[in-house]
Each structure stands twice: as C-alpha cells, then as structure tokens.
Amino acid sequence: MTEYRSVILGVGSDLPGRVVTNDELAQTVDTSDAWIRERSGIEQRHIASEGEFTSDLGARAAEKAISNAGIDKSKIDLIVVATTTPDLTFPSTASIIQEKLGIRHGAAFDVQAVCSGFIYGIHIADSMLKSGPYEHALVIGAETFSRILDWNDRSTCVLFGDGAGAMVLQKQKTTESGIINNFIRSDGRYCDLLYVDGGPSRTQTVGHVRMIGNQVFRHAVKDIAIAMKECANSAGLEPNEIDWFVPHQANQRILDGVGKKLSLRKEQVISTVAKHANTSAASVPLAFDTAVKDGRIKRGDLVMLEAFGGGFTWGATLLRF
Ligand code: UT7
C-alpha cells in the first residue's frame, strides 16, 4: 500500500522588533533579573507594538515559511492557525492571515489548545492532508500574549512574550521523511490552574492570564515526559534515540527536568526560552526555525516536538525533517 506522509517543506518565524529585558520589567513590577533568570531561564522577551496584531506576526512567519518551501503561495489549500490571542473573537485569525497572504481558495480555521496549539494544529493538518483532498498545509503558531497579561501580576507577566512560527507541509508518497507520529491529550480537571479570567460568553471582556505556577510546573514535567515516551515508543524508538527535541519554551527548569527523566543530553534539546520567553502556541515553531536557521537541525534528522499548556493540554510529534 502506498504510504503518504506530510513532509515539512519549509519553516519560518517572526518576532516583534521591541525587546523588553528583565531589568526593564523590574522598573515597573516587584521582581528582579536574578529571580526571573534563576526560576525560569528567561532573559528577555519580544513585545508587539501598538497596532501590531497576531495576524501580522503570523502572516510574516507564513511568508518566510512559504519562501523557504520554494512554492508559490497559490499552492496552499489549508491554513491552520494555533492561537489563544486572536485578532478578534471572529473571524478566525487564519481567515485574516489568508486574506493578508492573498490566498483565495482552500480552507482556513483556528485551533485553540493554548500552548499545545501548534502540536494540535500539526496533528489536524497531517490528518487532513492524508485523508482529504488537500496538498499543501500552512500551520502557524502566532501570539500577542502581552495583550492578555496582567502587568501588575509578577507571577505571570515576567514569563511570556509575543511571536510567531510557521511550517509548510506537503502531502508526499514517501516513507523517507515527514511526520511519523502524533500524540495529543487533554485533561479538563486542571482548568483552574492555568486560565484567562475573561471571555465573550462569561464576562464580555478579554481577561488576563492566571496561573498557579508551581502546580502547573509539576504536571508539565510529568505529562511531557509521558507524551514524549509514548510518541517515541509507538514508532519503535526510545526518546534518547532521537536527534533533536524542540520543546515548548515555558521554563528552562521544565526542559532540564524532562531531559533528566528521559536521559537526554542537554545538547539535544533546543532552548530559546532565554531570548523569546513563553510565546504559547508560537514557541515550538519559533524554536524549530531558530535551530534550522543556525544549522543544528538538518534535513534527514529525527526531531520530536512537544508542548504543554492550559486545559491542561499536551502532546508530542515525531518527524523526520
Ligand atoms: O506555558 C504553559 C505552561 N506554563 C508553565 O509551564 C509554567 C510553569 N511554572 C513555572 O514555570 C514556575 O512555577 C514559575 C516560574 C511560574 C514560578 O517558579 P517557582 O519556583 O514555582 O516559584 P513559586 O511560584 O513557588 O514562587 C516562589 C516565590 C513566591 O514567594 P513566597 O510565597 O515564597 O514568599 C512568589 O511570590 O517567588 C515569588 N515570586 C516572585 N518573586 C520575584 C513569584 N513571581 C515572582 C517574580 N519576582 N516575578
């Protein structure tokens, strides 16, 4: 039987120009550069300027991914955008990006799985490419998380940043490269540990991020390690046989904790948390693009993506680049 795979044809990312350091934050919030670095590994974050929206970051990342893929954008027939900070309640940010890119056909919609959104989006696009009439999918993670932060709450506002990353997937008859395995999970019992206290139906406001950080931390390390192991094992592999790990960039201590649990070498784990902070659904494709552009991740390498976020939601994707 012919096997189809979703092959990663191109990657791209985009960050707002404005960089905010820990020291700059410490001028307005009761925190310090030392506390933020020690507890999270974060040194700085990029923050969108006034009038710069999630769709702007997402469209710029998409343009770069399409150019990197070497195809004409008219080939894209599926756009999936993972975001928790859409431009508007509706239409979807995917539809807005479709318009910004000048694409006039195919389907476009958003996925909401908070920080795990990109992994969910990849799984959905992969399934639709394999089962449907689609040939080229654009999967984007894009956020202006700064817009839902309470800038007086030091326990959350120091941790997040804005950005976007994108991948172009192409359906190909191959077993040589592409997405091998996806694993996604959710457990709604933990809704109250990480959430936004507003929304169209309950409050008619946008709301702000609320988090019981230390409890989220414990679940994240445990659940991410299980997801990565299951995702690797279903493909007949152990996690430490994989060339590169591209984790969700929430906290360097989470990356180190998972690495220790799975006996990974530090050099195998791509970390951008120091420079980007937590960009929610954008963090995995942003980190992936960073490691492709700096020459670490090469064609043919075996790569695992993973994420954990509000819901709780979590998941992993195994692919050969
Ligand atoms: O992307 C979705 C997934 N999100 C995550 O995975 C985030 C998971 N959680 C974390 O990354 C960590 O739990 C944090 C970085 C949020 C916090 O680190 P922690 O080591 O778990 O600290 P903590 O929450 O237990 O707080 C320790 C202390 C508290 O003071 P007391 O009660 O010990 O006096 C906090 O009030 O640190 C205090 N604190 C701060 N101090 C200075 C909290 N935030 C700050 C701050 N600056 N920004």
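**An enclosed space and its surroundings**

In this predicted model, helix 8 is the element that contributes most to the lining of the largest cavity, supplying 3 residues.

The volume of the largest cavity is about 40 Å³, and when the whole structure is searched for cavities of 30 Å³ or more, 1 is found. Rolling a probe the size of a water molecule over the atoms shows where empty space is left.

A pocket, unlike a cavity, is an open set of points, and the second largest pocket of this model holds about 150 Å³ of space. The residues that line the second largest pocket are Arg18, Val20, Glu24, Leu25, Thr28, Ile47, Ser146 and Trp151. Two elements, strand 2 (18–21) and helix 1 (22–26), each give two or more residues to the lining of this pocket. By class, the lining of the second largest pocket is made up of 4 nonpolar, 2 polar and 2 charged residues.

**The protein as a whole**

Stepping back from these spaces, the secondary structure of the protein amounts to 10 helices and 13 strands. Along its principal axes, the C-alpha trace extends over about 60 × 45 × 40 Å. How does the radius of gyration of the protein stand beside that of a compact globule? For 321 residues such a globule would have a radius of gyration near 20 Å, and the 18 Å of the protein therefore agrees with a compact globule.

With buried taken as under 20% relative accessible area, 58% of the 321 residues of the protein are buried. The accessible surface of the protein is about 13,500 Å², and carbon and sulfur atoms account for 50% of it. As for the contacts in the protein, among those between residues at least 6 apart in sequence, 75% connect residues that are at least 24 apart.

Notes. Residues are numbered from 1 along each chain as its sequence is written. This is a predicted model: local features need pLDDT of at least 70, side-chain atom pairs count only at pLDDT 80 or more; totals for chains, interfaces and linings use all residues. Side-chain values use heavy atoms; hydrogens and water are left out. On a 1 Å grid over the protein atoms alone, a cavity is a set of points where a 1.4 Å probe fits but cannot get out, and a pocket is an open set with protein on both sides within 12 Å along at least five of seven lines; lining residues have an atom within 4 Å of a point. Grid points are joined across faces, edges and corners, and a volume is the space filled by probe spheres set on the points. Helices (H or I, at least four residues) and strands (E, at least two) are DSSP runs, numbered from the N terminus. The radius of gyration is taken over C-alpha atoms; the globule rule is 2.2 Å times the number of residues to the power 0.38. Buried means under 20% relative accessible area, exposed over 50%, partly exposed in between (1.4 Å probe, protein chains only). Contact means heavy atoms within 4.5 Å. Accessible areas come from the Shrake-Rupley method with a 1.4 Å probe; for residues, only the protein chains shown count as cover. Ala, Val, Leu, Ile, Met, Phe, Trp, Tyr, Cys and Pro count as nonpolar, Asp, Glu, Lys and Arg as charged, and the others, Gly among them, as polar.
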